[in-house]
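Please consider the structure shown below together with its sequence. The paragraphs that follow lead through a few of its local features.

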Amino acid sequence: MLRKLMTRLCVGAVLVLTALSPARSLQAQGIALTGVGPVNRSMGGAGTAAPLDAIGALHWNPGSISALQGNEIGFGTELLSASITLSSDFTGVGGGAGSTNADAGWAAVPSIGWVHHLDGTHMTIGLGVYGVAGFKNNMPFDAANPVLSNAGPFAGIGPAFGSAEILQITPTLSYQLTDRLSVGLSPTITTETVVLDPLGPPVTTAVTDAQGNRMHWGGGFQVGAYYRSEYGINAGATFKSKQWIETLDFQTAGGRVTFNLDYPAIVSLGLSYTGMENWTFAIDGRYFDYEHTD
């Protein structure tokens with residue numbers, strides 16, 4: 001009883017210190033979504049040690065699906081709106097200056113997760129299909145903004161459009177080694193649909209119009225472990241390999257243009273506390289290896 005009380009006091013102290021800590025600027029995770037599915041998103045993406053639903057557990061820790069209470073299938077759709085402004089200033093070299101708002105609109109991000117405990121075994125299987133990353137930008141022509149104009153001594157590119165949709169399919173197997181420890185493995189199939197118009201440096205030597213291209217395919221793998229203590233403190237760790245995507249292929253008036261756009265490796269560590277009825281506290285630390293990603 002005393003140990004449980006001390007555990008709750010420690011968790012409470014951590015939560016208070018976190019709330020009172022000063023705000024700092026942090027680097028975000030690039031094109032990757034902060035969470036997958038409405039439930040995991042409501043937890044700020046913290047799911048490595050907090051398997052609350054099939055979608056979030058499959059995405060952040062394949063080993064944690066063994067801890068879900070029963071067989072489960074979940075569906076979700078998120079609507080995301082990007083607020084983007086592009087400004088340029090050439091007044092110091094005899095040009096103009098301007099600022100333009102994009103018209104990126106709303107994007108729908110679907111998610112599906114299925115988990116099934118195999119009766120009479122220590123194995124749990126699952127399948128996830130969800131959007132994990134992307135971006136969308138739609139900048140109009142603006143004669144007052146040098147970068148988006150197409151006339152004069154500082155003519156820019158004119159209107160510009162960019163869009164990427166990255167989807168993952170994750171067949172998953174989890175094995176419960178003990179009552180408290182489980183491990184999981186998941187091959188990951190990743191698709192990318194990328195549209196960039198126009199193309200420019202460093203992809204091409206000069207700005208050129210580009211046609212949309214097909215869906216490109218690639219893959220990697222994911223491994224994870226999940227541990228549940230008797231005091232309600234849980235831990236998780238996951239490694240997602242880099243997703244090797246086939247070379248993107250664009251058709252332009254000047255010929256065929258190719259380049260790589262892989263998806264980075266991700267290392268996640270998580271802690272959660274479930275010792276209070278109807279409450280779950282969770283925190284994740286995550287590293288995105290963009291440095292070694294084409």
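This is a predicted model: local features need pLDDT of at least 70, side-chain atom pairs count only at pLDDT 80 or more; totals for chains, interfaces and linings use all residues.

Thr172 belongs to strand 6, which covers residues 160–176. With a relative accessible area of 6%, Thr172 is buried, because buried means under 20%. Leaving aside residues up to four places away in sequence, Thr172 touches Leu58, Pro62, Ile65, Thr124, Ile125, Gly126, Leu185 and Ser186. The side chain of Thr172 also reaches the backbone oxygen of Thr170, at 3.1 Å.

Aromatic rings form a second topic. The structure holds four aromatic pairs. In one of them, the ring centres of Phe221 and Phe239 lie 5.9 Å apart and the planes meet at 55 degrees, so this pair is tilted. The pair links distant parts of the chain, 18 residues apart: Phe221 is in strand 8 (residues 216–228) and Phe239 is in strand 9 (residues 233–240). Phe221 counts as partly exposed at 35% relative accessibility, and Phe239 likewise counts as partly exposed, at 34%.

Another pair consists of Phe288 and Tyr290. Their ring centres are 6.3 Å apart and their planes are at 20 degrees, so the pair is stacked; planes under 30 degrees apart count as stacked. Phe288 is buried, with a relative accessible area of 13%, whereas Tyr290 counts as partly exposed at 33% relative accessibility.

A charged side chain also meets an aromatic ring. Arg286 lies over the face of Trp60, at 3.5 Å from the ring centre.

Technical notes: Residues are numbered from 1 along each chain as its sequence is written. Side-chain values use heavy atoms; hydrogens and water are left out. Helices (H or I, at least four residues) and strands (E, at least two) are DSSP runs, numbered from the N terminus. Buried means under 20% relative accessible area, exposed over 50%, partly exposed in between (1.4 Å probe, protein chains only). A polar contact is a pair of N or O atoms within 3.5 Å; within protein, one must be able to donate a hydrogen and the other to accept it, and residues adjacent in sequence count only if both atoms are side-chain atoms. Contact means heavy atoms within 4.5 Å. Rings of Phe, Tyr and Trp (its six-membered ring) pair if their centres lie within 6.5 Å; planes under 30 degrees apart count as stacked, over 60 as edge-to-face and the rest as tilted. A charge sits over a ring if NZ of Lys or CZ of Arg is within 6 Å of the ring centre and within 35 degrees of the ring normal.
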